[in-house]
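Please walk through this structure with its helix contacts, its cavities and its backbone.

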Amino acid sequence: MAQHKSFSSSSVSNRPISLLNGLLLLVSLLLLLGVFLGSPLFPFPNVSSSSSSLPSNWRDYSLSQAAEFVAKDGTVIICAVSYPFLPFLNNWLISVSRQNHQDKVLVIAEDYATLYKVNKKWPGHAVLIPPALDSQTAHKFGSPGFFNFTSRRPQHLLQLLELGYNVMYNDVDMVWLQDPFQYLEGSHDAYFTDDRTTIKPLNHSHAFPTPDRNGVTYICSCMIFLRPTNGAKLLMKQWIKELQSGSKAYEGNDQPAFNWALNKTAHQVDLYLLSQAAFPTGGLYFKNETWVEETLGKHVIVHNNYIIGYENKMKHFQDFGLWLVDDHALESPLGKLD
């Protein structure tokens, strides 16, 4: 009888240890499963927090629904992506995630392949605004497909402003090195960067630049922050109007139209030029090593422009240690892409 009691006591005392070992084994298996699937299982809580409000068919997902789902503190970060540029989207997302702003990202999918791919990996964070574009032709710079792709940008931005959101737009050939929101000083209507490579003083003016002798400015349309003000909406409407004018100067590139819109509305819109050291154009960051060393630690968003071609852009990032997806894909809410 005493022997029976001794056996029973021992089995009861070992049971918590067995349960603990079982739980540890289960957690280990889940972590391994996440690695093999190429998608993080737990780090992005926004994926499941409001999943009940998401549509069963992503074609029915509207911009207003998507913005409401991702917005944080009244702010949405958007990018527009076609399927060939998904690796660049993932690279950009890793850098955004490192600054803890990934939850407010909304991907404007320009084709259904992108819509389904992103929402499969990261439900609710992609929306398609018809018509869908040809995913294979919308990514070559200067092509009619590329122009159709970029010329819809002010329409997307205006829609979000009309819905009452602050909006940051980024091209996905960018990498965040710091949190850009701390540089959005004041309460201006529109914030933007200068695409010129001419070096400015560190304490340069934040006023809209004076046009050159040809009446031209070189503001970049690839990094913009807008508040839902009448001034910002006026600027977007003028940009759309410039694009619809059909000028030959705009073929293959929507940036000249953006600059004309800025020039025509500058007296009505509260504009703010962001710091060149913080938001350098690629023609300066990648080509002026002395300037980069002198401004080390001040860079916030790096733009891989002043170079054309998908493979060339990728190699550029690789050469400068900014191609993150090969070693850090699990830091992105999309995980590893197939």
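Helices α4 and α12 are roughly parallel to each other, because their axes cross at roughly 25° and angles under 35 degrees count as roughly parallel, over 145 as roughly antiparallel, 65 to 115 as roughly perpendicular and the rest as oblique. Helix α4 spans residues 86–97 and helix α12 residues 310–319, and their axes come within 11 Å. Axes here are lines fitted to C-alpha atoms, for helices over the stretch in contact, with angles from 0 to 180 degrees between N-to-C directions. Helices (H or I, at least four residues) and strands (E, at least two) are DSSP runs, numbered from the N terminus.

This is a predicted model, where local features need pLDDT of at least 70, side-chain atom pairs count only at pLDDT 80 or more, and totals for chains, interfaces and linings use all residues. Residues are numbered from 1 along each chain as its sequence is written, and side-chain values use heavy atoms, with hydrogens and water left out.

The crossing of α4 with α12 is left-handed (the near helix is turned anticlockwise from the far one by less than a right angle; clockwise is right-handed). On the α4 side, Pro-87, Phe-88 and Asn-91 make the contact. They meet Tyr-310, Lys-313, Met-314 and Phe-317 in α12. Contact means heavy atoms within 4.5 Å. By class, five of these residues are nonpolar, one is polar and one is charged. Ala, Val, Leu, Ile, Met, Phe, Trp, Tyr, Cys and Pro count as nonpolar, Asp, Glu, Lys and Arg as charged, and the others, Gly among them, as polar.

Next comes α8. How do α7 and α8 lie to each other, roughly parallel or roughly antiparallel? Their axes cross at roughly 155°, so α7 and α8 are roughly antiparallel. Helix α7 covers residues 153–162, and the two axes come within 9 Å. This crossing is left-handed. Among the α7 residues in the contact are Leu-157, Leu-158 and Leu-161. The α8 residues include Met-236, Trp-239, Ile-240 and Leu-243. The contact has nine nonpolar, one polar and four charged residues.

Helix α8 (residues 230–244) also meets α9 (residues 255–265). Their axes come within 8 Å and cross at roughly 130°. The two helices are therefore oblique to each other. Here the crossing is right-handed. Met-236, Trp-239 and Leu-243 are among the α8 residues in this contact. In α9, their partners include Phe-258, Trp-260 and Leu-262. The classes are 10 nonpolar, two polar and two charged.

Now look inside. The structure holds three cavities of 30 Å³ or more. A cavity is a set of points, on a 1 Å grid over the protein atoms alone, where a 1.4 Å probe fits but cannot get out; lining residues have an atom within 4 Å of a point. The largest cavity holds about 70 Å³ of space, the volume being the space filled by probe spheres set on the points, which are joined across faces, edges and corners. Its lining has 13 residues, and Met-174, Thr-193, Phe-279, Pro-280 and His-303 are the closest to its centre. Strands β6 (190–194), β7 (219–226) and β9 (301–303) each give two or more residues. The largest share, three residues, comes from β9. The lining divides into seven nonpolar, four polar and two charged residues.

Finally, the backbone. Most residues other than glycine have a negative phi, and most peptide bonds are trans. Asp-73 has a positive phi of about 55° although it is not a glycine. Asp-73 sits in the loop between α3 (63–70) and β1 (75–81). The peptide bond from Pro-130 to Pro-131 is cis, with omega near 5°. Pro-131 is in the loop between β3 (126–128) and α6 (144–150).

How values were computed. 1 Å grid on protein atoms, 1.4 Å probe; cavity = no way out; pocket = protein on both sides within 12 Å on 5 of 7 lines; lining within 4 Å.
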